[in-house]
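Dear colleague,

Please find below the structure for your records. My notes on its findings follow directly after it.

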Amino acid sequence: MVRPLRIDIADGWYHITNRGIDRQGIFDDDRDCGHFLELLGEMHERYAVRIYAYVLMGNHYHLLIQTPEANASRAIQWLNVSYSLWYNCRHNRVGPLFQGRFKSVLIEGEGAWVLEALFYLHLNPVRVRGLGLDKAGRRLEGRGLQAAGAEQVQARLEQLRRLRRRIEGYVKQGLKEDEMAALKVRLLLGSRVFVEAMKRRVKKVSKEQPERKILERNVSFDRIVAVVEAMRGMKWERFCDKHGDEGRDMALYLARKRSGMTLREIGECAGGLDYKTIGKATERFCHRLKTDAVLH
């Protein structure tokens, strides 16, 4: 099975979406949604990903993000794995939560392309059968074969809760299916020049491997250690093996938050620590940040 194409570029704009396996739910209640949003916040800190919009839809989600680092694939993979593990534990289930790998559309950052993607995301809550905006309903409205009544239009507007003039125009007059629909079927969204440039870039990367990640870390582990050494006034080797040492915990915490590395990779850089040790060290330092006025 061919893996979905990934194009990771610095300062890239992406529409990200993922769906529950067999279209099953991935958000059962407000606590599920709340934890997913907590992980989005952590993803922002850990991978420096900018999150401009999100939509949680019961059995799938949509994100509009920008990646100053070329790390969209790595960041979203972390998000999906982290949420899946938490969700399975909370709901006493096993097996994959998401239906395959997430889908990403690289969007041209110039012009109105990002704005179109933003409209698409915010209109998802009303693109449902109950409001007459499922695929069949949109097709009929677009052809002038069906018109939404005043009550149905009002229901759409209330469901969205916040609309600008242009979005209200989409809802009242029937959604356009040109560029917005492209977000479902394309891997690239932008001008012809942009699309062709990205295609040439993909061909240059590799003909055999459709997905190549450019893994640019936010901060290297060595740089983190150097900062901690300067704060402690001693070399890493003098405290890296001390359980509960504030300097070691700080380094592991910063690596988890700022390096973009997995726990296994951090453990290897730290001298062979296992992921449980790193997790405990991170928890201890998080607690210190909340209770120590100097650190805070």
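Strand β5 (residues 103–107) is largely enclosed by the rest of the structure, because 4 of its 5 residues are buried (under 20% relative accessible area, with a 1.4 Å probe and protein chains only). Strands here are DSSP runs of E of at least two residues, and helices are runs of H or I of at least four, numbered from the N terminus. Strand β2 (residues 12–19) runs antiparallel to β5 and is joined to it by 5 bridges; Ile 16 stands opposite Ser 104 in β5.

This is a predicted model, in which local features need pLDDT of at least 70, side-chain atom pairs count only at pLDDT 80 or more, and totals for chains, interfaces and linings use all residues. Residues are numbered from 1 along each chain as its sequence is written, and side-chain values use heavy atoms, leaving out hydrogens and water.

Across the chain, there are 12 helices and 7 strands, and buried residues make up 42% of the 296 residues.

Helix α10 (residues 246–258) has 13 residues. At its start, a side-chain oxygen of Asp 245 comes to within 2.8 Å of the backbone nitrogen of Gly 247. Gly 247 is itself buried, and the other buried residues of α10 include Met 250, Leu 252 and Tyr 253. The buried residues of this helix pack against α1 (30–47), α9 (221–232), α11 (263–269) and α12 (275–291). Just after α10, Gly 260 adopts a positive phi of about 75°.

Yours sincerely

Note on methods:
The expected span of a helix is 1.5 Å times one less than its number of residues. Buried means under 20% relative accessible area, exposed over 50%, partly exposed in between (1.4 Å probe, protein chains only). Contact means heavy atoms within 4.5 Å. A polar contact is a pair of N or O atoms within 3.5 Å; within protein, one must be able to donate a hydrogen and the other to accept it, and residues adjacent in sequence count only if both atoms are side-chain atoms. Two strands pair if DSSP finds at least two bridges between them.
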